[in-house]
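Hi everyone, thanks for coming. I'd like to walk you through one protein today, so please have a look at the screen.

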Amino acid sequence: MHTMATFDGYTHVDKLMEKALKEGTTKEELKEAYVAWSKTYEKDMCINHSYSGPAVAAEQLAQQMKEFGYTDDTRILDLGCGTGLVGDELVNRGYKNIDGVDLMPEMLEVAKAKGIYGLLQQGSMGSPECKDLGIGANQYDVAICVGTFTLAHVKSEGLDDLVHVVKPGGLVAFGIRERALDAPQSGYREKMDQLCKEGKWKFVAKHHEAVYLTGDGAGAWYFVYQIL
């Protein structure tokens, strides 16, 4: 059993991602890692590894929200909100009506302590008909998801959750690390194209960031779509 003092969450989760490429991982393996990592997650990611994902995604979304005429009280859902790093970045850009959902109650406790979210609840992404997310259809104007669509985490079916929670005409923004996007078994590109072909959403913008995490050796792509 790992202790909070010695557990290297970054390395452990990175190994799970590598394992996912070869033999697959279980949700239980991931949950165990995040239980142990929850208290030191932000220090490890932001200070030790200069995690850029939340800031870049929030900025890409904020730019498009301005283009589409959204105000700072727009109702936003942060999917896979974790400890609230994306919420921090949205608040820094003036947005204040933010709810969050995450698989891990330990991460949600850290997010709750920040006092920046309205509703915070536990839910699981990528389930059939979005039933395990715990959120009704067409509830939000905008949704954002960062650090969740990656190896050993949420599979391509999780993109359906973005379509599910946002009202027609609303915006969704998400980031995907290059090594996950390029992995043949991930299916993220195919799912994005499928949702376009099915008339569920349409492409608005994409942005490439060369550095996602210090020492990672790869960047990430950030996408914005409009729900139809």
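**Salt bridges first, then the sheet**

Okay, let's begin with charges: the structure holds nine salt bridges. A salt bridge here is a side-chain nitrogen of Lys or Arg within 4 Å of a carboxyl oxygen of Asp or Glu. The general idea is that side chains of opposite charge can pair when their charged atoms come close.

Before I go on, a word on where this comes from: it's a predicted model, where local features need pLDDT of at least 70 and side-chain atom pairs count only at pLDDT 80 or more, while totals for chains, interfaces and linings use all residues. Residues are numbered from 1 along each chain as its sequence is written, and side-chain values use heavy atoms, with hydrogens and water left out.

So, which residue does Arg93 meet in a salt bridge? That's Glu59, at 2.8 Å from N to O. Arg93 sits in the loop between helix 5 and strand 2, Glu59 sits in helix 4, and the two are 34 residues apart, so this pair links distant parts of the chain. Helices (H or I, at least four residues) and strands (E, at least two) are DSSP runs, by the way, numbered from the N terminus.

Are these two buried or exposed? The cut-offs are under 20% for buried, over 50% for exposed, and partly exposed in between, with a 1.4 Å probe and protein chains only. Glu59 and Arg93 also belong to a network of salt bridges with Glu89.

Another pair is Lys167 and Asp141, at 3.3 Å from N to O. Here strand 5 supplies Lys167 and strand 4 supplies Asp141, 26 residues apart. Lys167 is partly exposed, at 34%.

Now, the sheet. In what order do the seven strands line up? They go 3-2-1-4-5-7-6, in an open sheet with mixed pairing. Two strands pair if DSSP finds at least two bridges between them. Strand 3 (120–122) and strand 6 (201–209) are at the edges with a single partner strand each, so one side of each has no neighbour in the sheet.

Let's zoom in on strand 1, residues 76–79. Ile76 and Asp78 point one way, Leu77 and Leu79 the other, and all are buried. Strand 1 runs parallel to strand 2 (residues 98–102), joined by four bridges, and Ile76 stands opposite Ile98. Four bridges also join strand 1 to strand 4 (residues 140–145), again parallel, with Leu77 opposite Ala143.

For an antiparallel pair, look at strand 5 (residues 166–177) and strand 7 (residues 220–227), which share seven bridges. In that pair, Ile176 has Trp221 as its bridge partner.

What packs on the sheet? Helix 4 (residues 53–67) does, touching strands 1, 4, 5, 6 and 7. Contact means heavy atoms within 4.5 Å. Helix 9 (residues 188–197) lies across strands 5, 6 and 7.

To finish, the overall picture: nine helices and seven strands, with 51% of the 228 residues counted as buried.

Notes. Axes are lines fitted to C-alpha atoms, for helices over the stretch in contact, and angles run from 0 to 180 degrees between N-to-C directions.
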